[in-house]
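Student: I have a structure open and want to learn how to read it. Where do we begin?
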Amino acid sequence: MKHRIAIIGSATGVLLILGVVVLPMLWLASLAFRTTAEINQIPLRWVPLELNLESFEDVWLSPGYARNWPRNFVNTIISSSVTATVVSVWGVAIGYSLSRLRSRWVPRTLFFMIVVQLFNGPALVVPIFLLLNRIGLLDTLTGYVLVLMAFFLPFAALLGYNFARSSPLDLDEAAIVDGASTRQAFWLVFFPLARVGIVTIWLMTFVLTWGEYPFAIAFLQSGDTRTISVALADLVTQLSVQWNRVAAASLIASIPVVLVVVGAQKHLVKGLLSGSTKG
Amino acid sequence: MKQRQRTIGDPGTPRNEGSRVSRFFPKVGFHFWSVVPAVVLLVVVVGFASAEVVRLTFTETSTLDMRTSEFVGLDTITRVSTDSSTVNALTNSLQWIFGTAIFTTLLGVGAGQLLSGSSRLVRFSRGFMLVPWVLPGVVVASFWKWAYNAQVGVVNDLLVRAGILESGHSFLGDPRTAMPTVVSVMVWRLFPIFALIVAAAIQTVDTSIFEAATVDGANSWQRFVWLTLPLIKFHIATMTLLTTIWVTNNLVIVQLMTGGGPAGATDILPVQLFRLAFQRFSLSDSAVISVINVILLMTVSALYLRVLAKAREVA
């Protein structure tokens, strides 16, 4: 009897947690399909009257002054994909090297990579803003992507290191004894096995850079160069916010990351677990 | 100057590395080119940027006219660090950080325990735990800004329907409730993956010790506190530290939900940093806040690690 109560209790707990986590997305979907009159109605209706598409049209199909959502979406795809690609391959290469080298510099380099990540976010926005301005890359996707790559590389390298360390040394060691260069050992022996690690790091980097905010809002201001983070921020900080527009924008802005979670859950969890146990 | 490279200490390792470059530099090869440029890049970017931040604190530099940077010694630093708005921001940051860390840890551990089972419900639910963390910060801030809205938000709707409140309360507009409200949003964003990691850690524990404890008469609460917790405390500690770091540097949630208001009630250091740089147009003032925030982060991390080391000694 006590056992049954315990089971019901924990099931309730799990359902509660699930609800808290999932309902916001469902609410956003519900809001996105409402008319403006409905949105401002008190008391709140829990089910929308009909599936109205005016918000989607307004946000995504009608660009205006300093507003170009489709372009912003594409910008974000470009910046996140390019960063993820460069950083995942390079990160795995670094991880491989650090795991195979025997040098007192290896732990120091790893420690350095960890410490550098403390500076992510607003801390270094100001000097980088100055630098980008000086070299003419302010308000350009190129400048933004370069910054992202620099700041996500340590993250990727650490994940790559964890991954490489868990790969058996024998295979590439054997290849080296057989006369292969380190480069050959990496590309021909290790890399095929590392593909999984690269995919994991790619997905994690993509997901983390997709919603990146401080650098985007500081460095990208024009309607044409913005990412969706900046565009959405603009929409939600107006004096009189139109919540259905915000919801429609948020919904589509979330699609890529939700797809990644749904499709590649195992990768993300693996990446997270290896990252958190790096001690 | 650069370190001596050695591959897997095998005396039979061939010296000829194959690529043309490494024939010119026999000590250099794949490992060199993968690691060294990365380290150099990071040292240059982070090192240069940090040095610039420090240099800026000794100047008076405007965002509108970035070329002219007037050296003013300690003026900017003293003015900004003693300003009441800075002290306010520091206090708020401390509340923000500790409030979020404590509740995220509590909820994360509790939820992690619940999610460590193997029932179909639990396995189904675990997948969704990634969503709050993975969603763009702007989306999270936007949703909750609506949800806590006094007139049209769902939180007030529920509270009024349940009879707890008479009419909608402006959670974000009331200086007394604003900080707990934004903390709740950050906790919502972080506790699910905290739980996921805790659940994964719990699952690696050998179930036989639980069985033995049950035979000895321990109830589930006792098993949790005296068996589970000690075994996963390292994972909990790591996640709490990571949470603290993420939260200290987080800008998007507070900036989009309250902009630092009302009346400075939620003005945390990152928000103030941005305001000084891009609304008050003073890069030098903003730089001082950057330094303060970094010092705060280092101090909190160091204190935390010190506590952790002590705890490990005792155990």
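Tutor: Begin with one term. Contact means heavy atoms within 4.5 Å. Keep in mind that this model is predicted.

Student: Which residues does A:Thr225 touch, not counting residues up to four places away in sequence?

Tutor: A:Thr225 touches A:Asn75, A:Asp139, A:Thr140, A:Leu141 and A:Leu220. A:Thr225 itself sits in the loop between helix 10 (214-219) and helix 11 (228-236) of chain A.

Student: Is A:Thr225 buried or exposed?

Tutor: Buried means under 20% relative accessible area. A:Thr225 has 15% relative accessibility, so it counts as buried.

Student: How are two packed helices described?

Tutor: By the angle between their axes and the distance between the axes. Take helix 4 (residues 69-100) and helix 7 (residues 141-165) of chain A: their axes come within 6 Å and cross at roughly 35°. The crossing of these two helices is right-handed. Their contact has 19 nonpolar, seven polar and two charged residues.

Student: What about nonpolar side chains?

Tutor: In soluble globular proteins, nonpolar side chains tend to be buried together. Here the largest nonpolar core has 175 residues. A:Phe219, B:Trp96, B:Trp144 and B:Trp146 touch the most other members. Helix 9 (residues 178-203) of chain B gives the largest share of this core, 18 residues.

Student: Which residues is B:Trp144 in contact with, leaving aside neighbours within four places in sequence?

Tutor: They are A:Pro24, B:Val155, B:Val185, B:Trp188 and B:Met257.

Student: What confidence scores does the model have?

Tutor: The model scores ipTM 0.90 and pTM 0.88. For chain B the mean pLDDT is 86, and 90% of its residues reach 70 or more. Over residues 1-27 of chain B, though, the pLDDT is below 50. Beyond near neighbours in sequence, that stretch has 39 contacts in the model.

Notes: Residues are numbered from 1 along each chain as its sequence is written. Chains are lettered from A and ligands numbered from 1 in the order in which they are written. This is a predicted model: local features need pLDDT of at least 70, side-chain atom pairs count only at pLDDT 80 or more; totals for chains, interfaces and linings use all residues. Side-chain values use heavy atoms; hydrogens and water are left out. pLDDT is the predictor's confidence in each residue, from 0 to 100. Axes are lines fitted to C-alpha atoms, for helices over the stretch in contact, and angles run from 0 to 180 degrees between N-to-C directions. Helices (H or I, at least four residues) and strands (E, at least two) are DSSP runs, numbered from the N terminus. A crossing is left-handed if the near helix is turned anticlockwise from the far one by less than a right angle, and right-handed if clockwise. Ala, Val, Leu, Ile, Met, Phe, Trp, Tyr, Cys and Pro count as nonpolar, Asp, Glu, Lys and Arg as charged, and the others, Gly among them, as polar. A nonpolar core is a set of buried Ala, Val, Leu, Ile, Met, Phe, Trp, Tyr and Cys residues joined through side-chain atoms within 4.5 Å. Buried means under 20% relative accessible area, exposed over 50%, partly exposed in between (1.4 Å probe, protein chains only).
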